[in-house]
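Work through the exercises below with the model open beside you. Try each task before you read its solution.

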Amino acid sequence: MKIIIIDDEPLARSMVKHYLSTYQNMEIVAECNDGFEGFKAIKEHQPDLIFLDIQMPKITGFEMLELIENKPKVIFTTAFDEFAIKAFDQNAIDYLLKPFSQERFDKAIQKCLAQTDLTLTNTTYEAVLNTNNNELETRVVVKHLGNIKIIQTADILYLEAYDDYVKIYTQENVFVKKKTMNYFENAFNPKQFVRVHRSYIIQVNQITKMEQSDKETMIAILKNGTKIPLSKTGYPKLKAVLGI
Amino acid sequence: MDFNQTPFLAFIDSLISNLIIVFFSASLFFISKNYQPNSYQIFHPIAILLAGVYGSFLLQKYAIFFVVNDLDYHQFVNDTSKIRLVYNFLMIISASMISFIWNYKTNKQAETQRNTDNEQLLREAELLDLRQQIQPHFLFNSLNSISALLVTKPNLAQKMIQELADFLRGTLKKENNGLVTLSAEMNHLQLYLNIEMVRFEHRLKVENNLDSSTENMLLPTLLLQPIVENAIKFGLYGTTEQITIHISSKIQNDMLFIEITNPYDTEAHQANKGAGFGLNSITRRLYLLFGRNDLLKIHTEENIFITQILIPQKTV
């Protein structure tokens, strides 16, 4: 079984390594300091199981996991994360709270081995990742030309639905992310981002004006000149947020 | 009617009348002391007043009838009913005005006193609250590191337990709202830093550059640790490379000036957002202690995040 340990504290990694040393057939193929390294290592080694910390440099464990298409089995190892405990109760293979004992660790491994169904679907994680902890996101992590790119929500002009993906427009570029419009509608600050149309979410302070484009439809014009249609339900929502 | 008797009767009359008015005014005073009518109950105090005026009038009349056994004088009392009513009315109105104002003033004073007491209590509670509590993250991660060290380096584990214990002791001290010398605060901070340096090994470096003249200057206890914690968090979580945190102090305008710098990554963080809570509570704490909002300043220079604090030194 191929294993990767991702944690920014060397001692925390050595703890996992130590507990793992009692097992045969468990090969640690990589140790990573952060989500960027983790992302690359997972792509390269295609591990069966990863041990993943949540609070790490640059991007969190959750954010890293979002970017990976063929997700390995995951055992989270973290010190303190109350909302995540809730979210993962049902869905992750296991969730180890630091510090943990060999017994507790063994139990997690047993669970992992028992789970023969290797097609642990992405949707399981999707459901978990989409629970979103009721916290509003202030950034989005995307893959771009093989690299990881962190976008601050303040830099987003608007979002557009794109089949199973959402296109994220910023001043410089367009990124895609495999998420639903509903996810973004809920994850972003509703005073800042408004779903003005089935296919569009715009950042309110990017709007310069709104006008009638024909008898039926209103459009919003953004600072960069982009025109976004406003739907019958979207327009009143936008007006409510703008206070007009 | 025997007119020789009249001055005496008039004296009796006025004595009875005025005593009764005093009695009624005093009653109204005590009523208004405990009873503050709402604005929509305006009818109640007026009814009480009018009842008082009329009641005192009746009481006066029958008291005089009872005491003075002179039918002519009784007639005289009946004839002067209107004047007596008006007199009672004026007397009782002015007495109740005075009671109202008096009671209002004492109530206000008591209220102001209560508010001051409340504010003082709140301020103390808030100060206690603003003092940085131990971050659970820090505590559990440290325990995890100790757990790992026990396998490979038990001696180091023991040292770390020691330092963690000393650090916790310092943080839990009761008299934590006082002022401490910079060198004492730095000792406490060093315990924290030693633990963090074990956790992050080579990735974390700290350089102190303290002016020796500032060693005995005073600052609120446990002020620096949350700032340094912030610096470490944003420094380390922003980059995967080694970071160095600089702590320096000097005297500026007779005040203690402390500067803490850490590298941070503009891409991963919005500077103002992440730095927010910890530093806000410090600004608030400094405000409660020194009444100034400008003692903590942050700014960024390229990829360096700079926190500057000024601590006024109270002259003894």
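Two residues are in contact if their C-beta atoms, placed from the backbone, lie within 7 Å. Keep in mind that this is a predicted model.

**Exercise 1. Two packed helices**

Task: Decide whether α1(B) and α2(B) are roughly parallel or roughly antiparallel to each other.

Solution. 
- Step 1. Locate the helices. In chain B, α1 covers residues 6-34 and α2 covers residues 43-67.
- Step 2. Read the geometry. They pack at an angle of about 150°, and their axes are 9 Å apart.
- Step 3. Apply the cut-off. Angles over 145 degrees count as roughly antiparallel. Therefore α1(B) and α2(B) are roughly antiparallel to each other.
- Step 4. The crossing of α1(B) and α2(B) is right-handed.
- Step 5. Find the contact residues. Those from α1(B) include Ile16(B), Ile20(B) and Phe24(B), and those from α2(B) include Ile48(B), Gly52(B) and Leu59(B).
- Step 6. Sort this contact by class. It divides into 12 nonpolar, 4 polar and 1 charged.

**Exercise 2. A sheet and its edges**

Task: Work out which strands of the open sheet in chain A stand at the edges.

Solution. 
- Step 1. Write the order. The 5 strands run β10-β9-β8-β12-β11 in chain A, and the pairing is antiparallel.
- Step 2. Find the strands with a single partner. These are β10 and β11 (193-197) of chain A, so one side of each has no neighbour in the sheet.
- Step 3. Note the turn. Neighbouring strands of this sheet are turned by 25° against each other on average, direction ignored.
- Step 4. Zoom in on one pair. β9 (residues 165-170) and β10 (residues 174-177) of chain A pair over 4 bridges, in the antiparallel sense. A hairpin with 3 residues joins β9(A) to β10(A).
- Step 5. Ile168(A) stands opposite Phe175(A), and Tyr169(A) has Val174(A) as its bridge partner.

**Exercise 3. Two faces of a strand**

Solution. 
- Step 1. Recall the pattern. In a regular strand, side chains alternate between the two faces of the sheet.
- Step 2. Apply it to β15 (residues 227-230) of chain A.
- Step 3. Find the partner strand. β14 (residues 218-222) of chain A pairs with β15(A) in the antiparallel sense over 4 bridges. Met218(A) stands opposite Leu230(A).
- Step 4. Check the hairpin. It has 4 residues between β14(A) and β15(A), and Gly225(A) takes a positive phi near 95°.

Conventions. Residues numbered from 1 in each chain as written. Chains lettered and ligands numbered in written order. Predicted model: local features only at pLDDT ≥ 70, side-chain atom pairs only at ≥ 80, totals over all residues. Axes fitted to C-alpha atoms, helices over the stretch in contact; angles between N-to-C directions. Parallel < 35°, antiparallel > 145°, perpendicular 65-115°, else oblique. Left-handed = near helix turned anticlockwise from the far one by under 90°. Nonpolar A, V, L, I, M, F, W, Y, C, P; charged D, E, K, R; others polar. Pairing = 2+ DSSP bridges.
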